[in-house]
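This report considers selected helical and strand elements of a predicted model. The sequence and structure are shown first.

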Amino acid sequence: MTKFNLQHVVESQQFDRELIDVVFSVASQMKEDLSGSGQLRYSLAGKIMASLFYEPSTRTRFSFECAMRRLGGSVITTENAREFSSASKGESLHDTTRIMNGYADIIVMRHNEAGSAEKAAQVSNIPIINAGDGAGQHPTQALLDLFTIQDCFQGIEGLNIAMVGDLKYGRTVRSLSYLLTKFDNVKLYFVAPTVCQMENDIKAYLDKYQVPWFEETDFEKVLPEVDCVYMTRIQKERFNVYEDYVEAAGKYILGPENVRLMKENAIIMHPLPRVDEIPPAVDDDPRAQYFEQAQNGLYIRMALLYLLLHR
Amino acid sequence: MTKFNLQHVVESQQFDRELIDVVFSVASQMKEDLSGSGQLRYSLAGKIMASLFYEPSTRTRFSFECAMRRLGGSVITTENAREFSSASKGESLHDTTRIMNGYADIIVMRHNEAGSAEKAAQVSNIPIINAGDGAGQHPTQALLDLFTIQDCFQGIEGLNIAMVGDLKYGRTVRSLSYLLTKFDNVKLYFVAPTVCQMENDIKAYLDKYQVPWFEETDFEKVLPEVDCVYMTRIQKERFNVYEDYVEAAGKYILGPENVRLMKENAIIMHPLPRVDEIPPAVDDDPRAQYFEQAQNGLYIRMALLYLLLHR
Amino acid sequence: MTKFNLQHVVESQQFDRELIDVVFSVASQMKEDLSGSGQLRYSLAGKIMASLFYEPSTRTRFSFECAMRRLGGSVITTENAREFSSASKGESLHDTTRIMNGYADIIVMRHNEAGSAEKAAQVSNIPIINAGDGAGQHPTQALLDLFTIQDCFQGIEGLNIAMVGDLKYGRTVRSLSYLLTKFDNVKLYFVAPTVCQMENDIKAYLDKYQVPWFEETDFEKVLPEVDCVYMTRIQKERFNVYEDYVEAAGKYILGPENVRLMKENAIIMHPLPRVDEIPPAVDDDPRAQYFEQAQNGLYIRMALLYLLLHR
């Protein structure tokens, strides 16, 4: 196995092609083992993972905790880690991290403030995995998205990918765009309501790496062109005027009649939860890969836990 | 072992005599093993149970989680699953269930809305156990109640059983009545304040299966007649007028002086928690079986977990 | 191993010299094993610990749960045990304890009311460990404090110890004072703002056991004299007037310039969390032992869990 020289997983930018390949290779083995005999070739028996959640995010927490359990490790967990830093007691993140170093072997941290994972990593002797820090990073989500594409097409090179919905605030499409620059001949289509378009920083980054991108408003024109449609939820809380939200949310719905326009072997992704942007009628279409995508999160997290604890 | 052909445990009505016998037989073995050497003949090592609680019910959750742990399995748990369906994110129960299918081997679900377990079971490839859904079902409680009677008397046939207290809203006495129709020569006595009497649907059901039932107001007349007194808590939140509650709650108290009227080998049951309807002075009477009854919940849940995961 | 004849750990007063020696001896073995090969000579595989927290205290809970996991045991946990005794259901602590007896092998209880652990112990057939009950006891904290001193100096006899900060409300300094009377030639220095001085009951207790104690206001005069400086947090919630709090909290800060006055091999302790009373600049000084102290909690709790479950 290629050397895995990361100590913490804090942001997507840490992952170059080589690291991505190592993680995906181990994740594929995890998937193969669990889908097959159920017997894993790797074990984290005797290791303890601390779930340190400063805000609840049950889905992400479950995914990490299942990953650790599947590997035979154990878990201690809190969803109200904010208690540590509560007004009356007022402990710093540094102190909390150092104390956790004495208890656990690895920390999975969710925080409401961007930069928290990096801050914890600075003082931690045990690996930190960022499970989302505010408007900041959520690197394991970015990796599982990329892994899903790779797993479906046996490679990323040469694919056309449409990102649809809230591209402005959607953390996942931003991170995925970033990671896609590491692969050749990828083309991106951004389909978003006017108020939710992809930000310029990402566009500039794509330009720098010569990744062609196109802003489109005609959904039906894009669908036949692409190998992957990455749908996202329009987030109500981003809108001041309710009518604006309704208009934006209703603009790009991927119903069965739209799916029919897609290539036979294209895939539909969504980071979930979804609201109305993909109707349940689409779920049984073989192109719908969003539940598989969620499950891939398990394998990616198993791979990261294993690699970080067995360097 | 007789075939166990259930995929999910959603409601008491799923259990016919044959299924009940299988569950009780395995539960008895669990009890025997844990009370004896502590060495279990069954194992769920490597399996993961997800506790998906949309409302807290710590006692029920603990009982299930201990059951899974005793069998060597592991557990991921949340008491705020309602976050999944929160207004801002708005995920459907179907989606949550399908995602959980990718993580865990079995789901224990507690929900505030009747019918939720059935709804989840419709889309789930892994077993769902209903741990109570609103005013709906709580089938494992019904089974543990029945198992307690069977365990004490080595059979249910021919027993006289009094149900006392809140028979109108009490989910447990309703379900138990239902299950008792599957046994011969059982006689039921309903002792309840006027406002809490057993509903007509259950009475009609009993009639249909020719189970004799009697409504009584004279507690002391009933006590010497029965083999089992199933006490229940009058629920304050059911009453609009506080005085009505106090009158109802004070009407049928099973104190030591009442216990003295009972048969030597009769038993006292209660689904717990209790308030004042059984004073602590009764706890040391050998007829008091309510703590044993709670413990039987462990064995019933171990049996169900094992049977569902080893079909 | 000397006989360990405790059934429950409810209060510091239960521990005489002989018991302390047994606990510390096992805790040292735990520390040696985990710091070395990671292979433990003890195991609690198959045992279940119930964390019954009537109020959240994530740090303490994590410490106990890691202790149990490290020993190979499993854990069921709640931070809202108060639900058991909620107004609408109203279960007594006695009933909750008896029911838990049917599920778990040992109970770790945190409660908001003093005396709760003792109350639970009265009816429990399985061991209860008090993880703090209101203004009452927190015996495992007292033991880990004492263990830290012993571990640093290979003995307690003959040491001079300063306690600084909130000596009036600080549970830890009170309990530690109590335990220190069991060792010869210990001298205590109390350094506290006027409103937070050590209470007379402890002073009288020290007098009874002929432990010399001194009240000092001149921090810098005390520092060169002592082997251990035990800092505590001034608790804002104890003050009615904010200015009084600020004055008290600012009075005794152990900054790097103060640390320079201490003996070369002296140690700095703090029960954590800290606020401003020890600036982070001190953390790298080899005398700073507060994170080590927190980690010692793991070993002490492992030792207690093992000793209580293997009598």
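In helix H1 of chain B (residues 17-35), the buried residues are B:Leu19, B:Ile20, B:Val22, B:Val23, B:Phe24, B:Val26, B:Ala27, B:Gln29, B:Met30, B:Lys31 and B:Asp33. The cover over these buried residues of H1(B) includes helix H5 (139-153), H6 and helix H11 (290-309) of chain B. The 19 residues of H1(B), at 1.5 Å a residue, should span 27 Å, and the end C-alpha atoms lie 26 Å apart, which agrees.

Helix H6 (residues 171-180) of chain B also takes part in a right-handed β-α-β unit, together with strands S5(B) and S6(B). Strand S5 of chain B (residues 160-164) is largely enclosed by the rest of the structure, because five of its five residues are buried. In a regular strand, side chains alternate between the two faces of the sheet. Both faces of S5(B) are covered: B:Asn160, B:Ala162 and B:Val164 are buried on one side, and B:Ile161 and B:Met163 on the other.

| Partner of S5(B) | Sense | Bridges |
|---|---|---|
| S6(B), residues 187-191 | parallel | five |
| S8(B), residues 228-231 | parallel | four |

Within these pairings, B:Val164 stands opposite B:Val191 of S6(B), while B:Met163 stands opposite B:Tyr230 of S8(B).

As regards confidence, the predictor assigns the complex an ipTM of 0.93 and a pTM of 0.95. Chain A has an average pLDDT of 93, and 97% of the residues score at least 70. Where pLDDT is low, the predicted coordinates should not be read in detail.

Methods
Residues are numbered from 1 along each chain as its sequence is written. Chains are lettered from A and ligands numbered from 1 in the order in which they are written. This is a predicted model: local features need pLDDT of at least 70, side-chain atom pairs count only at pLDDT 80 or more; totals for chains, interfaces and linings use all residues. Side-chain values use heavy atoms; hydrogens and water are left out. Buried means under 20% relative accessible area, exposed over 50%, partly exposed in between (1.4 Å probe, protein chains only). Helices (H or I, at least four residues) and strands (E, at least two) are DSSP runs, numbered from the N terminus. Two strands pair if DSSP finds at least two bridges between them. A crossover is right-handed if, with the strands pointing away from the viewer, the path from the first strand over the helix to the second runs clockwise. pLDDT is the predictor's confidence in each residue, from 0 to 100. The expected span of a helix is 1.5 Å times one less than its number of residues. Contact means heavy atoms within 4.5 Å.
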